[in-house]
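Dear colleague,

I am handing over the structure below, and I would ask you to keep it open while you read the notes that follow it.

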Amino acid sequence: MPADTEGGIAFVIVQHLDPGHKSILTDLVQRYTKMQVFEVEDGMTVEPNCAYIIPPNKDMALLHDKLHLIEPAAPRGLRLPIDFFFRSLAQDRGEQAICIVLSGAGTDGTLGLRAIKEVGGMAMVQNPESAGYDGMPRSAVATGLADYVLPPKDMPKQLIGYVQHIFGRKKKGGAAIPVDVNSWIQRILVLLRSSSGHDFSCYKQSTILRRVERRMAVHQIERIEQYVQYLRQNEIEQLTLFRELLIGVTGFFRDPEAYGVLLEGAINKLLADRPVGTQLRVWTPGCSTGEEAYSIAMLFQEQMEHSGRQFNLQVFATDIDQTAIEKARVGLYPANIAADVTPERLGRFFIREGDDAFRVKKSIRDVLVFAEQDVIKDPPFSKIDLLTCRNLLIYMQAELQRKVIPIFHYALNPGGFLFLGSSESVGEFTNLFEAIDRKWKLYLRKEVAFPHGVAVEMPVHVPPAARIEAKERKVNAREVTERTLLTDYAPACVTVNSHGEILYVHGRTGKYLELTTGEMSANILRAAREGLRLELATALRKVVTGKKQIRYDGLTVKTNGDTERVNLIVKPADVFSVETGTLLVIFEPAGPTRAPARPAKGKKPTPVEEVGTRSNQHIAALERELRVKEEYLQTTVEELETANEELKSTNEELQSTNEELQSTNEELETSKEELQSVNEELVTVNTELQQKIEDLSRANNDMNNLLAGTGIGTIFLDHQQNILRFTPAVTRIIPLQASDVGRPLEHFSSNVTNVENLASDIRAVLDLLTPHEAEVQTKDGHWYLMRILPYRTLENVIEGVVLTFCEITEQKRLQEALRNTESALRLAVVLRDANDAITAHDLQGRILAWNPMAEKLYGWSEADALAMNIREIVPMDKRAESIAYAEKLARGEPVEAFETQRVTKAGQTLDVRLTVTVLVDAQGKPYAVATTERNVTT
């Protein structure tokens, strides 16, 4: 990296250090950079264009741009300082966080990388092929979340380009996103829907926009229209963006306090309130890679064992990301989950696989059913006791949330529980769910009957991009004028449906409508003040029936101890609402009551005139009220007659339907009995199958232990010579690994030296169905008896071959030793009965063998001779000759029989004819000389 970058980048280096030794990493790094390098001290402020090195035996976190040192939880053992720092970096810097995973053993950094991606940060990983230790890079790449996978020499250019693109532009005030961003985002969503089949149009536009901007920065694309073109031409980028939008906030036992609330508030109650052995159903939509679903299954399992009450637990875990579902099914997670899972749970629910991974045990995996499902468009699961959906709703707009929450209510059993993320809630649907814990968002399902036709007008969600567009758009004077007139001069009105349920309210309607005591109701008739109810009910019925406007003028409405005159108008809301039944109720203030004619000036009205006037007014009011009631009564009578006719028709239909139902019921009773019988048979068959599965599992375990215990190398092959299974012992002959199952055997080279074509031998056995047997030797000198046999099923069907390698090295050695012993015995007899003296001595002249004829010829016994040197029986004048012959033999030159002299024990000199033979060892080197000596003294 250069010493100074535009905008300034601070580097924090976290390495696995020996906690017991002082680190020299700071001095080493300083030699390779012009930036200032510091070993971190507690509370040190991070400055741009500087590098900070973690000290030994410390964990480190970032808070408000300051580095804080923390004592590790344990002095030794599994430490994950990189995960620890990455997580704090994600929490402190959010989308400004950048993590780079370099060479290292283990899986440290994987979970921290996921945390940074969850908040919209960037992840760069070293190419595993360029790493000295590829454990950490491979684990990070396996998440599928890395933005760049590069060798270190290529990282600075990409890092600087990314930082300048996404952060430098913000500081300069520039914008890569045009004002008409919404139309471009819609095009992107259309492309994603075409490639993935999923519609993100109701997801929060701000989230989508941030993800798009980040992908543009990764590819260093300046304008969104260029990115749309790139996305259209690149299917891999479509898949990457799809996965970016689905990055799940997940982990084992994430937010331990929340899981404690779930345990006490929901799980314990579910286990306590039902009979033992019944079914418990849990649904986890948006499960991502399965950590949360597995966590809940483990909680249930722990509590069932703790309480001694066992239930048939079934956990349904769903997501729209097929790749994530496949990872969840496998149940294989990096070793650094030990930071989130207690040692007790690791030992109880996981199996260690190598040094870098844990796999969820089969007993827990069998409880879960993973499936690809879209919670928005696919049918939901039903009869659920616990539904956990954490950190999914936060990505949805309010409109989509209003659709999802009732789906959750439908899916849950009465008394079921809903568990949401800490930043989520049920919103306006408090009538559907009762809050158990408001902080951690645990809810209890309420029993609610939905009134027919109820609808509530909710504010429309305006995406941030649309607000930006609105600010930058030129003000429309006409719109402003019309909006002002509508607000200040239009009469108060209410939009209702054909049942009188309020859909929308405009203006100040408090003079005409008021809330009533008791349960909340959205019906306008219950809210109407005295003086309006009768006329309003009549008008609503007439408009619904006649589809025409109805008007009542001069109605007197009681308002808080006073009266108000109003003209009531009810009409269809617009041309299109005639069929839908949407009505508009308008409250138009009426003018003052016309005053009666005043008497002539100076003349006072008589009491009789005053009474007459008041009587006339009262009579007029009564007549008007009577007419209204007559109309109301007439409407009611007509509706009643219509209803009676409809009821008669309905009654006839019901009678016909009842007869059909009775017939159907009889058929169902018969079918029920048959189904009960079939069910009993299925239960019996299922029990037998369960027993067979257990027997097969036990037999399989016995077979595996038997094959491994015998030490016989065995390989099972199909007709195409593909490997089906093998025992550990065979890896000494053919280097196989567990991942090689399914590959052809001919792809592997064996250690056998004396088999020319193993594949041809296997093919001959398959063709002729006759076993083949041969003794083979490996490069390290071991011998094996190789047998190739046809693989026969119980039905006598040939499904491949079986190769076995039984080690016979010891038997071969015994056979060789036996042959050598027999040869030695035969030679001993020849030496004993020979008529010539036969001796043997090593290259230094020490006598090694002395047969009876040599004892008779020279006078020394065998015991005496074995303690002598051959020079002692050679005369002094012949010793030089003897040495010359010995040197000639040592050089490997042949020596023909010759005459020489020997001295006996009695001192007599004998003429002998000597035949010399060189003895060599297994490597062909001479180690002794054998001589045959015949007395030729005359």
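In this predicted model, strands S13 and S14 form a hairpin with three residues between them, and Gly354 in the turn has a positive phi of about 70°. Strands here are DSSP runs of type E with at least two residues, helices are runs of H or I with at least four residues, and both are numbered from the N terminus. S13 covers residues 350–353 and S14 covers residues 357–360, and the two run antiparallel, joined by four bridges; two strands are said to pair if DSSP finds at least two bridges between them.

A second hairpin is formed by S33 and S34, with five residues between them, and here Gly924 in the turn has a positive phi of about 85°. S33 (residues 909–920) pairs with S34 in the antiparallel sense over nine bridges, and one of the bridges sets Thr917 against Ala930 in S34. S34 (residues 926–935) also pairs with S30 (residues 837–842), again in the antiparallel sense, over six bridges, and Ile838 has Thr932 in S34 as its bridge partner.

Which residues other than glycine have a positive phi? Asn49 is one of them, with a value of about 60°, and Asp65 is another, with phi near 65°. Asn49 is found in the loop between strand S3 (44–45) and strand S4 (50–53), and it counts as buried because its relative accessibility is 17%. Asp65 lies in the loop between strand S5 (59–63) and strand S6 (66–70), and its relative accessibility of 33% makes it partly exposed. For these words, buried means under 20% relative accessible area, exposed means over 50%, and partly exposed lies in between (1.4 Å probe, protein chains only).

Finally, please look at helix H21 (residues 607–710), in which Glu666 is found. Glu666 counts as exposed, at 55% relative accessibility.

Key:
Residues numbered from 1 in each chain as written. Predicted model: local features only at pLDDT ≥ 70, side-chain atom pairs only at ≥ 80, totals over all residues. Heavy atoms only, no water.
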